[in-house]
Amino acid sequence: MSRIAPLDPPYPADVQQDFDRIMRGRPPLLLFRVMAGHPRAWEKFRGGGLLDRGPLPLRQREIVIDRTCALNGCEYEWGVHVTAFGAAAGLSEEQVRATVHGPADADCWSPDEQAMIAAVDALHARATLSEAEFAALRAHYDDDQILEIILLCGFYRTVSYLTNALAMPLEATAARFPM
């Protein structure tokens, strides 16, 4: 069980509407139930505005999220995303494994994906990008996409902090880190 108790059904109407919009008919994740039990935290969490598709294609978005979560040891969110979006994002088994264990320049990634993963790694390690790392991103992505990459890294680092610090049990249907 999470260190902070989740909200139990029946949910208030506004929270149920949020869950319906975000989860599209599936039961709400434990993370969402915990956050929704605290109105200010839930508002701020949803206000992050990164629960929508944004300017990155699904594949790039999921690579950023999966890599960020893996770097933060966040099996909970990594598993939720790999299960929910990995196939739709066209991630192979090798690529899913590489989000956890592979270097940024692994052969399974295209040059644009390698530049993006290197940026994720740099942001995780140093909270900044060198001129070379930024230039590598700029060669493949526009300004809106670069901003989205940086924002996703920060948002999912926060999500990682939440799920790890609250000791959230893994979702039963979510993937597990590969060995």
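Predicted model: local features only at pLDDT ≥ 70, side-chain atom pairs only at ≥ 80, totals over all residues.
Student: Okay, so how many helices and strands are in the protein chain?
Tutor: The chain has nine helices and zero strands. Helices (H or I, at least four residues) and strands (E, at least two) are DSSP runs, numbered from the N terminus.

Student: And how compact is the protein chain?
Tutor: Its radius of gyration is 16 Å, close to the 16 Å that the globule rule gives for 179 residues, so the chain is as compact as a globular protein of that length. The radius is taken over C-alpha atoms, and the rule is 2.2 Å times the number of residues to the power 0.38. Along the principal axes, the C-alpha atoms fill a box of roughly 50 × 35 × 30 Å.

Student: What share of the residues is buried?
Tutor: Buried residues make up 45% of the 179. Buried means under 20% relative accessible area, exposed means over 50%, and partly exposed is in between (1.4 Å probe, protein chains only).

Student: What about contacts between residues 24 or more positions apart?
Tutor: Such pairs account for 71% of the contacts with a separation of 6 or more. Contact means heavy atoms within 4.5 Å.

Student: Let's zoom in. How do the axes of α4 and α5 cross?
Tutor: The axes of α4 (residues 58–71) and α5 (residues 75–85) come within 8 Å and cross at roughly 155 degrees. That makes α4 roughly antiparallel to α5. Axes are lines fitted to C-alpha atoms, for helices over the stretch in contact, and angles run from 0 to 180 degrees between N-to-C directions. Angles under 35 degrees count as roughly parallel, over 145 as roughly antiparallel, 65 to 115 as roughly perpendicular and the rest as oblique.

Student: Which residues make that contact?
Tutor: From α4 they are Leu58, Glu62, Ile65, Asp66, Cys69 and Ala70, and from α5 they are Glu77, Trp78, His81, Val82 and Phe85. They divide into seven nonpolar, one polar and three charged. Here Ala, Val, Leu, Ile, Met, Phe, Trp, Tyr, Cys and Pro count as nonpolar, Asp, Glu, Lys and Arg as charged, and the others, Gly among them, as polar.

Student: Now α4 and α9: at what angle do their axes cross?
Tutor: Those axes cross at roughly 40 degrees and come within 9 Å. The two helices are therefore oblique to each other. On the α4 side, Arg61, Val64, Ile65, Thr68 and Cys69 meet Glu148, Ile149, Leu152, Cys153, Tyr156, Arg157 and Ser160 in α9. This contact has seven nonpolar, two polar and three charged residues.

Student: Where does Asn72 sit?
Tutor: Asn72 is in the loop between α4 and α5. At 15% relative accessibility, Asn72 counts as buried. Leaving aside neighbours within four places in sequence, Asn72 is in contact with His124, Arg157, Ser160, Tyr161 and Asn164.

Student: And is Met35 buried or exposed?
Tutor: Met35 is buried, at 9% relative accessibility, and its place is in helix α2 (residues 30–36). Not counting residues up to four places away in sequence, Met35 touches Ala41, Trp42, Phe45 and Leu162.

Student: Switching to the backbone: which peptide bond is cis?
Tutor: The bond from Pro9 to Pro10 is cis, with omega near 0 degrees. Pro10 is found in the segment before α1 (13–23), and Pro10 is exposed, with a relative accessible area of 76%.

Student: What's the phi of Ala127 like?
Tutor: Ala127 has a positive phi of about 60 degrees although it is not a glycine. Ala127 lies in the loop between α7 (111–126) and α8 (131–138) and is exposed, at 66% relative accessible area.

Student: And Ala167?
Tutor: Ala167 also has a positive phi, about 50 degrees, although it is not a glycine. Ala167 is in the segment after α9 (143–165) and counts as partly exposed at 34% relative accessibility.

Notes:
Residues numbered from 1 in each chain as written. Heavy atoms only, no water.
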